[in-house]
Amino acid sequence: MRVFNRIFMILLFAGLFVLGVYTVVFAFDLFDYQLESLPVKDFVRGVQDFVGSVEDGGLSVLTQAFLILLAILGLIWFISELRPSAPRRVRMGRGTYVTRSVVQDEVSTVAEEVPDVLGSSVNVKARRSPGAQVGLEARVRRGEDLGTIKSGLQSTVRERLSEKGLPLSKLNIKLVEADPRQTKTRVQ
Amino acid sequence: MGRGRFVEAATYEGTEKVSGVVVTPEDLEIHIVARYPLPSPIPEIAENIRERVAPEAGGRKTVVVVDDLEVAGDEGL
């Protein structure tokens, strides 16, 4: 959301800057540009008509729906701005943290030690509460018993991370059937 | 000692640079790298360091961050 905000603000400020330059040029009649020559009369009249119809309650259903949609979008944006951003590091205890890359490397190492796993990719998110939220995508051969592999992988990863004391709050495992010729390892 | 993701974990005092420790008026951040075989679970190691350093931190909030885990022999990598 912050990246979106930055892009939005850059575009907004760029627009305001351009508008400011035009205002100065037209206000002081520079380069033969004059304020009276601007075709804004129709625009002003349109705005006045719109505001008048809002006051009278005479808006069309489509316009009302558009305004409600705009208000809802604004509300969603506002709420998402109020949400605190995710912490960078995984909290272990009071004043002790571990970087996400450490958890990521450990989960990846453990997963790839499981015989049925040919490769893996790991995504780690830190939370405000202790423990990391881990998303593990493991690649396995086609035709394997996915249920057994998944439960085995789940227990192995949890067990090994718990031995090292790395806190895990949530572990989501996704198994992807892959061609061994395109995975990190062909045979375990 | 760890050095942070972008080698940002350091404190500068005059011409001296101390890597792995970030001291601010309110906080003290210690970055470490744990090495296998681990003598105890990682949270325990971090907590031990925190307990030892906190009394010397001059009332600053002390934080220990485990930057990396390495196997003996990997230090030069």
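**A valine and a neighbouring strand**

Modeller: Leaving aside residues up to four places away in sequence, V103(A) touches V90(A), V98(A), V124(A), A132(A), V134(A) and L166(A), where a contact means that two C-beta atoms, placed from the backbone, lie within 7 Å. This is a predicted model, in which local features need pLDDT of at least 70 and side-chain atom pairs count only at pLDDT 80 or more, while totals for chains, interfaces and linings use all residues. Residues are numbered from 1 along each chain as its sequence is written, and chains are lettered from A and ligands numbered from 1 in the order in which they are written.

V103(A) is also one of the residues with the most contacts inside the largest nonpolar core, together with V98(A), V107(A) and A111(A), and that core has 32 residues. Such a core is a set of buried Ala, Val, Leu, Ile, Met, Phe, Trp, Tyr and Cys residues joined through C-beta atoms within 7 Å, and buried means that 20 or more other C-beta atoms lie within 10 Å of a residue's own.

Strand β1 (residues 89-93) of chain A runs antiparallel to β2(A) and is joined to it by four bridges, whereas strand β5 (residues 61-71) of chain B pairs with β2(A) in the parallel sense over three bridges; strands pair if DSSP finds at least two bridges between them. Y97(A) stands opposite R91(A), and Y97(A) also stands opposite V65(B) in β5(B).

Notes: A residue is buried if 20 or more other C-beta atoms lie within 10 Å of its own, exposed if 12 or fewer, and partly exposed in between; C-beta atoms are placed from the backbone. Helices (H or I, at least four residues) and strands (E, at least two) are DSSP runs, numbered from the N terminus.
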